[in-house]
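Subject: Structure for you to look at

Hello,

Here is the structure I promised to pass on. Please open it alongside this message and follow the notes below.

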Amino acid sequence: MRSRARRRRLPDRLQPSLRGRLTENEKARLARVREDAEADPVVPGRADRWSTWDRAEQGPPPRPDWVVTELAAVDTDLGVLKSGKEADVHLLRRGVPGGRQMLVAAKRYRSSDRRDFHRDAAYLEGRRMRRSREMRAIAKRTSFGRNVIAEQWAVAEFSALCTLWSIGAPVPYPVQRDGTELLMEFVGDQDGTAAPRLAQLRPDREQLHQLWLQLVALLDLMAGAGLTHGDLSAYNLLVHDGQLVLIDLPQIVDVVINPNGERFLERDVRNVAAWFHRRGLPESVTDVDSLVADLLDVARG
């Protein structure tokens with residue numbers, strides 16, 4: 001029987017704090033970038049910038065010991081890992097020259113005319129905006145509105161990662177958020193080879209079953225926190241050393257507060273179960289209807 005995890009409701013952590021013509025954080029960040037460029041434009045070696053750790057929103061404790069927090073560290077962009085219409089993900093090396101180093105994934109959201117606001121709205125129901133002016137700007141697709149959307153997605157994903165990592169979910173550790181840029185744990189090898197997506201794999205029957213069991217445990221843990229991914233598929237699940245890792249979380253949904261929440265949860269389960277069925281896992285094993293009912297029961301508390 002699936003355990004009934006104590007439900008942890010953290011809706012306030014999913015609320016972006018946005019003000020002004022530029023978001024408050026973004027305006028401050030841009031001012032700091034200008035000041036830094038004027039004060040000390042020389043970055044050691046071939047690095048691209050000084051570490052932004054001291055001015056960013058930082059990840060939750062306990063912080064992993066591999067996180068480089070020294071202010072003498074520099075960041076070097078090693079190239080694009082993934083390019084999408086909402087954000088690009090780069091491989092970034094942060095380290096103290098001659099000292100310790102870490103690889104992180106740098107996800108950089110950008111404002112875009114290609115976003116479908118009506119699609120956004122379905123996910124954003126239940127998330128409060130502090131000012132109706134911001135919602136009007138988003139609806140009218142002004143440049144300010146697009147900037148609000150970009151930072152709102154960054155805030156939402158960072159908050160989701162913090163929440164899920166704190167309850168033991170298999171997600172990358174969220175290192176920091178600075179404006180529309182997220183730095184998170186790089187899931188892959190030390191040589192910079194990223195872990196494959198579940199969609200890329202052809203697991204044998206035993207591996208397939210084990211991955212399904214991991215997925216059910218993940219879904220149950222999220223439901224216990226009242227959450228569902230919102231856009232779950234085999235493309236936003238990584239497999240590293242045989243373990244599933246959940247990524248791409250800007251659209252995370254509160255199952256109870258969002259009026260579409262139950263529909264999103266059911267769609268998440270059915271979408272990813274369909275991939276397992278196509279790979280040969282029997283529907284009798286997945287028992288999707290029962291799983292959905294169980295998860296909804298857990299989410300409702």
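What follows is a short tour of what turned up, from the overall make-up to single residues.

Please keep in mind that this is a predicted model.

**Overall**

The protein has eight helices and eleven strands. It has 301 residues, and 50% of them are buried. Take the contacts between residues at least 6 apart in sequence: 69% of these join residues at least 24 apart.

**Aromatic pairs**

The count of aromatic pairs is four. Two of them are described here.

Start with Trp-66 and Tyr-173. Their ring centres are 6.2 Å apart and their planes stand at 90°, so this pair is edge-to-face. The cut-off for that label is over 60 degrees. Tyr-173 is buried, at 1% relative accessible area. Trp-66 is partly exposed, at 27%. Ring pairs also bring in Trp-165: together with Trp-66 and Tyr-173 it makes up a cluster.

Now Trp-212 and Phe-276. Here the ring centres are 5.2 Å apart and the planes are at 70°, so this pair too is edge-to-face. Trp-212 belongs to helix H5 (residues 205–224) and Phe-276 to helix H6 (residues 261–278). The two are 64 residues apart, and again the pair links distant parts of the chain. Both Trp-212 and Phe-276 are buried.

One more ring is worth a look. Phe-264 has the charged end of Arg-263 sitting over it, 4.9 Å from the ring centre.

The peptide bond from Pro-61 to Pro-62 is cis, with omega near -5°.

Pro-64 is in the loop between S2 and S3 as well. Is Pro-64 buried or exposed? Its relative accessible area is 19%, and buried means under 20%, so Pro-64 counts as buried. Leaving aside residues up to four places away in sequence, Pro-64 touches Trp-165 and Tyr-173. Pro-64 and Tyr-173 are 109 residues apart in sequence, yet their C-alpha atoms are 8.2 Å apart in space. Both residues touched by Pro-64 are members of the aromatic cluster.

**Packing around H5**

Take H6 as the partner. The angle between H5 and H6 is about 170°, and their axes are 11 Å apart. That makes the two helices roughly antiparallel, because the angle is over 145 degrees. On the H5 side, Leu-208, Leu-211, Trp-212, Leu-215 and Leu-219 make the contact. They meet Val-269, Val-272, Ala-273, Trp-275 and Phe-276 in H6.

Next, H8 (residues 288–300). H5 and H8 pack at about 30°, with their axes 7 Å apart. The angle is under 35 degrees, so H5 is roughly parallel to H8. The crossing is right-handed. From H5, the contact uses Trp-212, Val-216, Leu-219, Asp-220, Ala-223 and Gly-224. From H8, the contact uses Leu-291, Leu-295, Val-298 and Ala-299. Trp-212 and Leu-219 are listed in the contact with H6 and in the contact with H8.

Ala-225 lies in the loop between H5 and strand S8 (227–228). Ala-225 is buried, with a relative accessible area of 3%. Ala-225 is 61 residues from Leu-164 in sequence, and their C-alpha atoms are 8.5 Å apart.

**Two backbone points**

Asp-248 has a positive phi of about 60°, although it is not a glycine. Asp-248 is in the loop between strand S10 (243–246) and strand S11 (253–254). At 17% relative accessible area, Asp-248 is buried.

Asp-287 is not a glycine either, and its phi is positive at about 45°. Asp-287 sits in the loop between helix H7 (283–286) and H8. Asp-287 is partly exposed, at 38% relative accessibility.

Best wishes

Key
Residues are numbered from 1 along each chain as its sequence is written. This is a predicted model: local features need pLDDT of at least 70, side-chain atom pairs count only at pLDDT 80 or more; totals for chains, interfaces and linings use all residues. Side-chain values use heavy atoms; hydrogens and water are left out. Rings of Phe, Tyr and Trp (its six-membered ring) pair if their centres lie within 6.5 Å; planes under 30 degrees apart count as stacked, over 60 as edge-to-face and the rest as tilted. Buried means under 20% relative accessible area, exposed over 50%, partly exposed in between (1.4 Å probe, protein chains only). Helices (H or I, at least four residues) and strands (E, at least two) are DSSP runs, numbered from the N terminus. A charge sits over a ring if NZ of Lys or CZ of Arg is within 6 Å of the ring centre and within 35 degrees of the ring normal. Axes are lines fitted to C-alpha atoms, for helices over the stretch in contact, and angles run from 0 to 180 degrees between N-to-C directions. Angles under 35 degrees count as roughly parallel, over 145 as roughly antiparallel, 65 to 115 as roughly perpendicular and the rest as oblique. A crossing is left-handed if the near helix is turned anticlockwise from the far one by less than a right angle, and right-handed if clockwise. Contact means heavy atoms within 4.5 Å.
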